[in-house]
Number of protein chains: 2
Amino acid sequence: MMLKTHQCGSLTKANVGDTVILNGWVQRRRDLGGVLFIDLRDRSGIMQVVFNPDFSGEALQTGDKARNEFVLAVKGKVVERDEETLNPNLPTGEIEVQVSEIEILNEAKNPPFFIEDGIDVDEVLRLKYRYLDLRRPEMQKTLKLRSKAAKIFRDFLDEKDFLEIETPILTKSTPEGARDYLVPSRVQDGKFFALPQSPQLFKQMLMVGGVERYYQIARCFRDEDLRADRQPEFTQVDIETSFLSEEQLQDMMEELMVRLFKQLKDVEIARPFQRLTYAEAMDKYGSDKPDLRFGLELVDLSDLVVNSGVKVFASVVAKGGQVKALNAKGCGTWSRKEIDDLAPYAARYGAKGLAWIQVKNGEMKGPIVKFFSEEELAALKERLQAEDGDLLLFSADSKKVVADVLGNLRLKIGKDLGLIDESQFKFSWVVDFPLVEYAEEEKRFVALHHPFTRPKEEDIHLFDTEPGEIRAQAYDLVLNGYEVGGGSMRIYQKEIQEKMFSALGFSKEESQEQFGFLLDAFEYGTPPHGGIAFGFDRLIMLLAGSSNLRETIAFPKTASSADLLSDAPSEVGQHQLDDLSIRLAIKQEAGNN
Amino acid sequence: MMLKTHQCGSLTKANVGDTVILNGWVQRRRDLGGVLFIDLRDRSGIMQVVFNPDFSGEALQTGDKARNEFVLAVKGKVVERDEETLNPNLPTGEIEVQVSEIEILNEAKNPPFFIEDGIDVDEVLRLKYRYLDLRRPEMQKTLKLRSKAAKIFRDFLDEKDFLEIETPILTKSTPEGARDYLVPSRVQDGKFFALPQSPQLFKQMLMVGGVERYYQIARCFRDEDLRADRQPEFTQVDIETSFLSEEQLQDMMEELMVRLFKQLKDVEIARPFQRLTYAEAMDKYGSDKPDLRFGLELVDLSDLVVNSGVKVFASVVAKGGQVKALNAKGCGTWSRKEIDDLAPYAARYGAKGLAWIQVKNGEMKGPIVKFFSEEELAALKERLQAEDGDLLLFSADSKKVVADVLGNLRLKIGKDLGLIDESQFKFSWVVDFPLVEYAEEEKRFVALHHPFTRPKEEDIHLFDTEPGEIRAQAYDLVLNGYEVGGGSMRIYQKEIQEKMFSALGFSKEESQEQFGFLLDAFEYGTPPHGGIAFGFDRLIMLLAGSSNLRETIAFPKTASSADLLSDAPSEVGQHQLDDLSIRLAIKQEAGNN
């Protein structure tokens, strides 16, 4: 077997005269008047190899049998191309290899889609033939990007004295958070392991264990109904530190992000990153992960409209709701239909209607204008900095619905109007999240992040009176409207942890049963600690300029959690179930086998 | 909160005069005539901090409350110690910190064992309180070693253009190999994922996908009854390459091992590593993972004894078995009892008895001597290079039993006689493994490595006649008697893969059902490829000089696959089982709740 001496894409004019061996796949072949040209592709790129009766001898006959995606070994001399065959579109377009020997290492059936970028092929087909899909240059590029990103993370964290430590995948099921994947234990009948939703408890144990700085690029699992941007198994860069303040940790993570984007995208990101409190973010952008690449901020008008003639506005405010608006600059010329088309979109986020005012020739127009007094209209105009050509969009509802409706309208209009500079990377920290929020269904408070999040020192007294008002030492790192990281300082004192569990409605027994080992650990000298986790898949998605998480994962699962390549999940043998002492509890439908 | 400016162990005489803040745990405290000395420990080491009414003020009263494992923040000035308090046993023993301020960051109950090296504590207790166990310097050292080893692997593989690629943990159950851990699918009733025993199929898919060089430090899972050196989840450095020969790959891996041991142990390991065929290894050492730090080789005597008067020897050989011996140099003076004590050990490996001859004063002595002729004795003596003071130990049985018995006796005697230089690291490649072996129970051939191992070109014709004689392009990397890595060149041609499946007794349907996607992939231009996987836990164990795999893992499981810290596996809620459409099939014993 002739094994490669060079990568296809690594050859340059400097190699002219060298005899080389290349191994790769046939990208395409052309026969021009008895001369055979093959574009040979490997991971590094493409090289044109030429078969000609003059120098190829019998290799020409063998080469002639090659078809797309055949695997070849060719030996030959690197030469400059003739003037007329130069290919400026190919990095190696100035040279070619004159083949003297060839081996067909393997044959190939005609692939179900072309191995090239930008193909328009059903994703199901791409996933089923993932091994062919991965050959496409854009997929190879993403694989390389991901590998390099991991390296940058690791090198940085290593420089900062973090230890990479692996935590278990076979762990214990805990009640909070998303649904666990379970693994029946064969040794202990009736018991189950759970796959970790994150290494949270273990990384906290490592801090109790004196590790001080830990990281892991960790696989995590959530058995949830999947949205387009979720995967049942996903990867996070998991980080935990002791004896650092929230600011020190954030500072270090900014340095990391700046390096990542410098090395991978060659962009300089300014520091420090903008900081917004959760309250500010919700107020201005209607989102805890605002896209800061454009303005179009939400403006609160509740005080202006509480006594206005627009009854629905006044009554919403009177009932403790909000009236807010955003000023869609330049949309004052939209037709009635264009405006009305926004309503169903707003409705998706809970809007019962969508009031609006257009500013034209110095005048405000629209169905609700007549219910306002002159003074109210003037005040609105001023507060919204409304000018000719503007469109004002109103939402009146509960705080949450207003935020959802206007936050999403803001994103839509920002995109539609081309306000977003896609080449920009705008990081921000969203801080001071609420510690807990009231879950109507469960009739209790639930942790907004997780039950180990440390409350702000000055809010601790609110545990007894207004738990919903407690702010947490929790922070999200937001990039272009995506949450790419999130973390918190953790509770390290047993009495605070108990207050927290009690606020969440856990009895002493329940908290002991579920988190007993953590509470025990807190009694043996737990250091102040905190950390962060980055959504690695999502970061790669943003770095790759993709909008689909599956493009960043070598072997992703579909929205129904299936692996189309290996056909998992699958049925298993009865003896396997017997070993585990479990039975299927499904009804065998007629016709099933 | 006073946050650290320095690590305890990082301070030197160069810091004298500096004011520093340290955070750490109380290792011990002493009160000497009103002066309080605390050894403060963090990840980096220990610093003595001193409280004295002269410079500590109120900090002395607070410091006095500190007990072992309290978490402290202290601020103070670095000073040289008095001549009489120098501590040459401590890297920081020439300096101390005069405390001016203190904060007790957290208190601690008295820990169940001392936080120090070499403790004699039941491992169960250590695992239950792993967060305390990990504070001990020797455990911290192993965590650091493991993290550093991973970094060396990654840096090396990155230099060699390998891409780090993550493969799924939720995969498909396959019939070959060990027992799978199963994960019920909630979305697809009655179907299961399996946790991967290795990323074998996926890394082969990546090669088909044109990745050429892949690695991953991968978590793998086997639901087996555990031996001391097994864990249900373990870590391997998983590597796969295309277009490399077996020799090229081994060469690269040698370079990697040399670097690993140079950087972590500062030892120079000579290359190339010794190469033994499987047949040689079994012949000389009775093991496919020979410890080459000492000789004591097995010697085949079958031809010498086939006609001898020792009936059992003669008849074993006549029936196709073997008679072999090893020469335990210097054990010729052992008492009859000492020799007899070897018998039960040999019996453990299947020996029905243990024949022996001692050489004393030029004469051969022992119960079997009288059955040999003079010539036979002389030939024995010569072949075994027997001299005065030697003890010859014989085994006569099937090839397999002889290898097991003498191979293990060799190890025992090597250890007992102190023949092993524990500071040595002796690597070797064991190559040319059999492709398949006959499994008596299953009455069929099974793959010795796995069903994707490539047979040696020159043995392929044996598929039709003597599959058991086919040698594989498979290799193990052996270090000091442990298999630390193993791999093979893989089958890349569909017709060979089909021959292999057929040799393993799989019908076309079975192989299609189980490995259909691999067989499909083979039709689309699969490159020649092969790889290796290193047992990361075991490598760390050897690097750490430990003999217990659990010492190398932050949160290991016990022999009954339990995590004593988090109490996993555990019972789960009925609604969780309902979600998964499974039921427990265990009998509830009376008294169980």
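This is a predicted model: local features need pLDDT of at least 70, side-chain atom pairs count only at pLDDT 80 or more; totals for chains, interfaces and linings use all residues.

Q: How far apart do the C-alpha centres of domain 2 and domain 3 of chain A lie?
A: The two centres are 42 Å apart. Residues are numbered from 1 along each chain as its sequence is written, chains are lettered from A and ligands numbered from 1 in the order written, and side-chain values use heavy atoms, with hydrogens and water left out.

Q: Thanks! What are the bounds of the domains in chain A?
A: Domain 1 covers 13-106, domain 2 takes 122-243 + 536-583, and domain 3 spans 294-420. Those bounds come from an automatic or database domain assignment.

Q: Now the interface. How many residues does each chain put into the contact?
A: Chain A gives 125 residues and chain B gives 125 residues, with contact meaning heavy atoms within 4.5 Å.

Q: And what area do they bury between them?
A: About 10900 Å², with 60% of it on carbon and sulfur atoms. Buried area is the accessible area (1.4 Å probe) that two parts lose on being put together, summed over both.

Q: How many salt bridges cross between chain A and chain B?
A: The rule finds 18 of them, a salt bridge being a side-chain nitrogen of Lys or Arg within 4 Å of a carboxyl oxygen of Asp or Glu. One of the pairs is D223(B) with R186(A), whose closest N and O atoms are 3.2 Å apart.

Q: Which element of chain A gives the largest share of the side touching chain B?
A: Helix 5 (residues 137-159) of chain A, with 10 residues. Helices (H or I, at least four residues) and strands (E, at least two) are DSSP runs, numbered from the N terminus.

Q: Which strands pair across the two chains?
A: Strand 23 (residues 582-584) of chain A pairs with strand 23 (residues 582-584) of chain B, antiparallel, over 3 bridges. Pairing here requires that DSSP finds at least two bridges between the strands. R583(A) has R583(B) as its bridge partner there.

Q: Switching to strands within chain A: does strand 5 run parallel or antiparallel to strand 4?
A: Antiparallel: strand 4 (residues 71-80) and strand 5 of chain A share 10 bridges. In that pairing, A73(A) is the bridge partner of E103(A).

Q: And how does strand 3 of chain A run relative to strand 5?
A: Strand 3 (residues 45-51) and strand 5 (residues 95-106) of chain A run parallel, joined by 2 bridges. V49(A) stands opposite V97(A).

Q: What about L296(B), what's its phi?
A: L296(B) has a positive phi of about 55 degrees, although it is not a glycine. L296(B) lies in the loop between helix 8 (278-285) and strand 12 (298-300) of chain B.
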